[in-house]
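User: I'm new to this one and would like a close look at a single part. Could you walk me through the salt bridges, and then show me where one of them sits?

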Amino acid sequence: MSKKQLNELAATAICGNDISSSCLYVSALSIVYAGQYAWISLLLVSAILFLYRKIYGEVVGALPLNGGAYNALLNTTKKSTASFAATLTVLSYMATAVISSSEAVKYAHSLWSGIPIVYATIFLLFIFMALVILGIGESSKVAIFIFIFHLSSLVILCFFSLYFLFSNGFDVFVENFKAPVKGSIATALFFGFAAAMLGISGFESSANYVEEQKKGVFRKTLKNMWIIVTVFNPLLAFLALSTIPLPTITTHEDTLLSFMGHLTGGNWLLYLISIDAALVLSGAVLTSYVGVGGLVERMALDRILPKILLKKNKRGSSYLIFVAFFLLSTSILLITEGNLESLAGIYTIAFLCVMILFSFGNMLLKVNRKKLPRPEVAGWLQLLIAIFGVGIALIGNIILNPKDLNVFLEYFIPAMLVIGFMLYRITILKAVLFFLDYITPEKKTIFKYLNVKIKHAIHRINSQHFVFFTNHDDVATLNKVLQYIESNENTRRLKIVSVLGNQPHVSENLKIDVEVLDRAYPDIDIEFIEEPGKFGPEKIQELSKRWRIPINFMFIGSPGDKFPYRIEELGDVRLII
């Protein structure tokens with residue numbers, strides 16, 4: 001994919017289709033639990049989302065690389081913690097893609113009953129797979145069309161609902177607001193808020209393809225998504241409560257907006273909203289593909305997923321990622337036979353956990369990367385309130401649907417086992433070797449070939465060079481670098497590089513420190529290099545080509561305010577100290 005090519009409209013459309021599609025179900029869902037106070041629950045969600053604008057803005061502004069929560073945690077804590085967040089994000093995208101495509105087809109089926117739901121869903125998933133393989137530029141054109149059509153449809157629905165309200169009086173409005181509340185108002189608001197929090201799903205997506213956006217666009221996408229959620233979700237819930245009796249809303253929970261369209265505008269508005277629903281839910285499928293593409297590509301670059309996923313076509317698209325995602329989504333659809341209620345639990349818990357983990361990434365950024373420049377800063381109180389809000393929503397959803405937690409674990413544990421194998425594959429392979437040596441000490445059996453292949457694999461993985469750039473003779477800092485690499489990376493080869501700049505040589509203390517550490521870490525082959533020239537993007541690119549070491553295997557310490565380059569200018573260089 002070409003980098004930084006999306007303007008504000010295109011970037012907003014891709015993630016906006018996901019978050020704006022929430023109005024199709026979140027208004028009805030919040031009314032079911034909060035009744036006439038649903039619009040207040042939705043406004044509370046908007047307030048939490050407002051706090052997250054700065055939280056995301058600070059982290060991605062400081063570390064503008066693809067990966068969202070994964071990227072935030074990768075550059076502030078351990079690789080295993082970042083992988084945990086990445087697994088949750090992939091599960092969230094998988095559930096979103098399958099549910100959204102299926103619901104889109106069901107809306108189409110309500111208009112044309114001859115459509116086979118399961119096969120049409122697979123076809124829709126295939127179409128969007130083909131679209132993203134063609135490139136993000138082509139995908140964005142489709143996303144823009146869907147986005148504009150969706151917002152226009154919502155405006156028309158709101159206009160006709162308001163006209164209907166003023167033409168027919170406020171009797172339904174008054175009756176609904178006089179209705180008794182189940183339990184207390186606080187309980188209604190609590191469960192309504194928990195259900196309504198699903199209406200901001202998609203907000204995290206923009207951070208997963210930030211490298212494909214033009215400079216300054218990311219923060220605008222956050223603002224635009226917040227405006228959409230703040231305006232439409234509470235307004236539609238309020239209009240529904242003003243025009244439709246509460247018992248009728250519950251009856252038409254799955255198709256509330258199309259029912260509103262039929263009531264306030266007639267059959268043509270019913271068809272318009274149904275077509276819009278099918279389109280925008282399809283747009284949410286596109287968001288899943290684009291988001292998972294940016295994230296999985298980053299994970300493969302970091303050797304958390306197989307390197308083969310990075311293979312690109314002539315258009316620069318990592319097509320194997322999208323093919324794998326299509327096959328995964330299709331297999332789940334076929335296994336569940338189109339009964340996707342179980343996936344809702346995965347979607348809910350995974351999405352809310354990703355939001356919480358991103359907040360912790362912001363905390364760690366403040367603590368571990370204090371000197372890293374950032375365009376805006378979220379206050380600690382703001383951060384704690386946001387985490388509390390999402391935590392309450394997570395608890396509320398588990399209380400409402402306790403079985404969802406078990407379903408979530410059924411998918412999450414196997415996914416983490418795959419990631420765990422990739423993270424600790426050297427240890428696992430060594431354990432297999434030990435077992436083979438134990439049962440076949442003389443290597444005279446068929447296991448001899450397997451033994452040789454495993455040793456070759458271990459050598460190949462460990463032979464990957466890593467680079468750390470430094471000019472400081474601080475043995476404590478260098479020791480932390482070695483500890484990080486020993487704990488997080490499968491390698492036995494490290495180049496410690498000092499780019500000289502205007503200095504003829506580095507200090508003798510730095511050389512002595514490296515020699516000490518070389519003896520202290522006998523399992524890691526440390527090579528110290530004095531590199532002439534000036535440190536910067538050009539030098540990093542030059543060394544990457546000369547040594548054939550990917551840039552994401554090059555590390556630096558956290559730069560200060562006087563550092564002449566932005567992090568994104570250095571490519572995929574990682575911060576580890």
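**A buried pair, and on to the sheet**

Analyst: Let's start with two residues that are both buried: Arg374 and Glu58. Keep in mind that this is a predicted model. The side chains of Arg374 and Glu58 meet in a salt bridge, 3.0 Å from N to O. Arg374 belongs to the loop between α15 and α16, while Glu58 is in helix α3, so the pair ties together parts that are 316 residues apart in sequence.

That's one of 16 salt bridges found in the whole structure. Another one joins Glu531 to Arg546, with the closest N and O atoms 3.0 Å apart. Here Glu531 lies in strand β3 and Arg546 in helix α22, so the parts tied together are 15 residues apart in sequence. Glu531 counts as buried because its relative accessibility is 5%, and Arg546, at 42%, counts as partly exposed.

Now for the sheet around Glu531. Five strands form an open sheet with parallel pairing, in the order β3-β2-β1-β4-β5. β3 and β5 stand at the edges with a single partner strand each, so one side of each has no neighbour in the sheet. β3 pairs with β2 in the parallel sense over seven bridges, and Val499 stands opposite Glu531. Helix α20 packs on this sheet, touching β1, β2, β3, β4 and β5, and its direction makes about 145° with that of β2.

Finally, there's a network of salt bridges linking Lys79, Arg298, Asp302, Glu489 and Arg574.

Technical notes. Residues are numbered from 1 along each chain as its sequence is written. This is a predicted model: local features need pLDDT of at least 70, side-chain atom pairs count only at pLDDT 80 or more; totals for chains, interfaces and linings use all residues. Side-chain values use heavy atoms; hydrogens and water are left out. Two strands pair if DSSP finds at least two bridges between them. Helices (H or I, at least four residues) and strands (E, at least two) are DSSP runs, numbered from the N terminus. Contact means heavy atoms within 4.5 Å. Axes are lines fitted to C-alpha atoms, for helices over the stretch in contact, and angles run from 0 to 180 degrees between N-to-C directions. A salt bridge is a side-chain nitrogen of Lys or Arg within 4 Å of a carboxyl oxygen of Asp or Glu. Buried means under 20% relative accessible area, exposed over 50%, partly exposed in between (1.4 Å probe, protein chains only).
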